[in-house]
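This briefing concerns one protein chain and is arranged by topic. Please examine the sequence and the structure before reading the points that follow.

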Amino acid sequence: MAVQRLVLDTLAEDDYELIAIHCSLESYRLAFLLNKMLKIKLCRKERDIQFKYDDVVADYPFYQFYDEYQYTTYSFFANTFRHKSITSDVVNSGLFVTEQNHTIKYLIPELKNVDYFLKIESDASQFSSKTLLMHIQNIMQIVTAYTVDYNILKSKNNLIFD
């Protein structure tokens, strides 16, 4: 009896552009500036990106826009989550002393100094991230922006939002 084998050559790979953005603005303000400069309509999703760590649940702001004409999805999200926890300890004098601990969690820990990411998934073959990157760098409040090779990231599974 003959043995038949199936060869799967057409496995769907993730194909997207990832742009790292260094900026000190709040996420809603930067989303507004990106909308204005790129002529897109990023809207905050009802549910943010949420990860559960041992000590805290981190919510990363998440904005998204789907361009029907160019078949392109723009996803804009923060890389950092700051959590302030207040602990109270009793001192020998009987007074309560409150101590604030700041915990910072990163969505992509390999790139800790990146503030925001813009993920662009496009089905169109004529999509150019170079012109998009040039428009982003023209925003005065952005320190720098550059493309990131997501294949070298250890935590690239954190970029799956579906």
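Asn79 is buried, with a relative accessible area of 0%; buried means under 20% relative accessible area, exposed means over 50%, and partly exposed lies in between, using a 1.4 Å probe and protein chains only. The model is predicted, so local features need pLDDT of at least 70 and side-chain atom pairs count only at pLDDT 80 or more, while totals for chains, interfaces and linings use all residues. Residues are numbered from 1 along each chain as its sequence is written, and side-chain values use heavy atoms, with hydrogens and water left out.

**The surroundings of Asn79**

- Asn79 is located in the loop between β6 and β7 (80-90); strands are DSSP runs of E with at least two residues, helices are runs of H or I with at least four, and both are numbered from the N terminus.
- Leaving aside residues up to four places away in sequence, Asn79 touches a set of residues including Tyr60, Lys105, Ile108, Asp115 and Phe117, where contact means heavy atoms within 4.5 Å.
- Asn79 and Ile108 are 29 residues apart along the chain, and their C-alpha atoms are separated by 6.4 Å.

**The chain as a whole**

- The protein chain contains 2 helices and 10 strands.
- From the N terminus on, the order of these elements is β-α-β-β-β-β-β-β-β-β-α-β.
- The protein chain has 162 residues, of which 37% count as buried.
- Of the contacts between residues at least 6 apart in sequence, 62% join residues at least 24 apart.

**The two helices**

- Helix α1 (residues 27-38) packs against helix α2 (residues 129-137) at an angle of about 125°, and their axes are 10 Å apart; axes are lines fitted to C-alpha atoms, for helices over the stretch in contact, and angles run from 0 to 180 degrees between N-to-C directions.
- That makes α1 oblique to α2: angles under 35 degrees count as roughly parallel, over 145 as roughly antiparallel, 65 to 115 as roughly perpendicular and the rest as oblique.
- In this packing, Leu34, Met37 and Leu38 of α1 meet Leu132, His135 and Ile136 of α2.

**The buried face of α2**

- Ser129, Leu132, Leu133 and Ile136 are the buried residues of α2.
- Viewed down the axis of α2, these buried residues fall within an arc of 100°, so they line one face of the helix; the arc is that of the directions from the helix axis to the C-beta atoms.
- The buried residues of α2 pack against β1 (17-23), α1, β6 (72-78), β9 (116-122) and β10 (142-148).
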